[in-house]
Amino acid sequence: MSQEAFRIIVFLCAFASGSHIANPLCANGEAPNVLLILVDDLGYGDLSSYGATDLHTPHIDSLVTGGMKWTNFYANCPVCSPTRAALLTGRYPDLVGVPGVIRTFSNDSWGLLDPNVELLPAALKRAGYQTAIVGKWHLGLAEPNTPTLRGFDHFHGFLGDMMDDYYSHLRNNRNYMRLDRQEITPPATHATDLFADWACQWLQSVREDSPFFLYLAFNAPHDPVQPPASALARYRNRYPATDLIRARYAAFVEHLDLAIGKVTDTLHSTGRDENTLIIFTSDNGGRTQSGASNGSLTGAKQEMLEGGLRVPMCATWPGQIAANSSTDRVALTMDLFPSVCDAAGVEYPQDVDGQSVLPTLLGHPQPSPDRDLYWVRLEGGKRYQGKPYYCVRRGPWKLLQNVADEDFRLYNLQDDPREQHDVAGDYPETVVTLRESLTNHRQRCASVPFRDDRGSGPGEVAGH
């Protein structure tokens with residue numbers, strides 16, 4: 001038996017037993033650098049590599065073709081904050097206090113990240129990683145739930161949710177731009193360009209004596225759809241017949257693609273790209289009212305239908321992840337936490353809900369896990385009234401609501417991938433068993449607070 005074959009067998013046996021060991025396949029025995037790129041509200045059909053024919057995304061497409069493309073990857077929620085919480089904790093978001101969106105004002109804020117849960121950067125720091133976040137945080141507006149107090153060495157970006165303007169960078173007339181713990185007023189440059197520049201600056205300054213973890217979280221293409229005038233003009237020259245709403249959105253995505261290309265070019269120029277694991281994905285599906293496309297999927301952002309939950313995802317790692325590979329394995333955002341830790345050889349808590357997909361990424365056989373999957377969103381306003389709505393999936397069966405208190409719908413995604421036929425009436429026993437499973441999950445999360453003990457949310461505290 002060759003040494004390589006032996007290492008692979010040891011690696012797979014470790015996963016089968018549930019233990020976590022240093023990845024034996026790292027280049028030269030070194031832990032990989034990790035660049036995790038998260039974009040905001042990108043539709044499943046908004047990349048050339050995912051079927052878009054009316055826009056060009058060559059830099060993101062090069063990541064897709066340079067590694068493994070995932071066709072059944074899901075965000076942990078159809079809106080922002082919960083998915084980000086799942087990404088950084090490896091847990092279901094309602095188990096760490098973030099069942100909904102964290103906002104400025106307490107009466108409309110639906111999350112409070114559990115201060116006792118270890119985040120991914122803290123786990124990596126224990127293994128000697130340099131850690132940074134550039135861009136959107138959206139997991140708390142006041143200390144201690146700010147990046148540098150939750151495991152990041154460096155933060156250069158935006159604490160809040162959406163920006164009201166990509167050039168003034170304010171939200172509700174408040175400045176949430178920070179450099180580490182200090183409020184800053186950056187130049188009136190498009191936020192996408194700022195974040196790309198700041199990421200490049202950090203990559204150029206990072207020490208070479210230890211691996212790094214850079215979490216690069218763009219606000220784009222979240223509303224307001226605001227491409228630079230030059231980007232829109234270039235797009236209109238190529239696609240003059242495209243309606244203005246779609247044209248603005250497509251130009252916005254193309255501008256985002258250029259920014260990502262600038263970052264990956266900088267990574268290459270530093271000479272550290274050969275041992276860097278790059279992961280790209282979105283926090284939820286696209287908002288079709290803003291011009292996004294979710295391809296052939298039904299539904300959109302905020303909905304538990306596929307268009308709200310299924311997102312593009314790819315991972316590249318030269319010499320480890322095969323180029324032009326793909327998988328239809330079902331995975332969620334929370335699975336990235338243990339996957340990154342396993343790639344880095346980092347121990348992580350046994351109670352994480354995510355399950356590592358590193359064997360799949362490396363091209364090794366990996367049985368599909370026997371697990372039910374859950375989604376929740378808690379929201380206010382007239383439509384939601386401060387009540388949660390849910391989705392649960394078991395194999396091809398998917399039971400969902402799109403608003404609290406509505407009857408559950410049941411779809412079989414194998415037979416009906418576009419979710420056109422509600423078969424709840426035809427399979428009442430399946431509905432019962434899935435609702436029982438969901439009830440167990442709800443009970444598991446019931447005691448986790450999403451507000452602090454004074455009854456105020458995190459935003460109003462930050463506003464003082």
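Buried means under 20% relative accessible area, exposed over 50%, and partly exposed in between (1.4 Å probe, protein chains only). This is a predicted model, where local features need pLDDT of at least 70, side-chain atom pairs count only at pLDDT 80 or more, and totals for chains, interfaces and linings use all residues. Residues are numbered from 1 along each chain as its sequence is written, and side-chain values use heavy atoms, with hydrogens and water left out.

**View 1. Arg 91 and Asp 351 meet in a salt bridge.** Here a salt bridge is a side-chain nitrogen of Lys or Arg within 4 Å of a carboxyl oxygen of Asp or Glu. In this pair, N to O is 3.8 Å. Arg 91 is buried at 13% relative accessible area, while Asp 351, at 47%, counts as partly exposed. The two sit 260 residues apart, linking distant parts of the chain.

**View 2. Arg 246 pairs up with Asp 46.** The closest N and O atoms are 2.8 Å apart.

**View 3. Arg 287 forms a salt bridge with Asp 223.** Their closest N and O atoms are 3.1 Å apart. Both residues lie in loops, so the pair ties together parts that are 64 residues apart in sequence. Arg 287 is partly exposed, at 28% relative accessibility. Elsewhere, shared partners join Asp 40, Arg 84, Lys 136 and Asp 283 into one salt-bridge network.

Note on methods: Helices (H or I, at least four residues) and strands (E, at least two) are DSSP runs, numbered from the N terminus.
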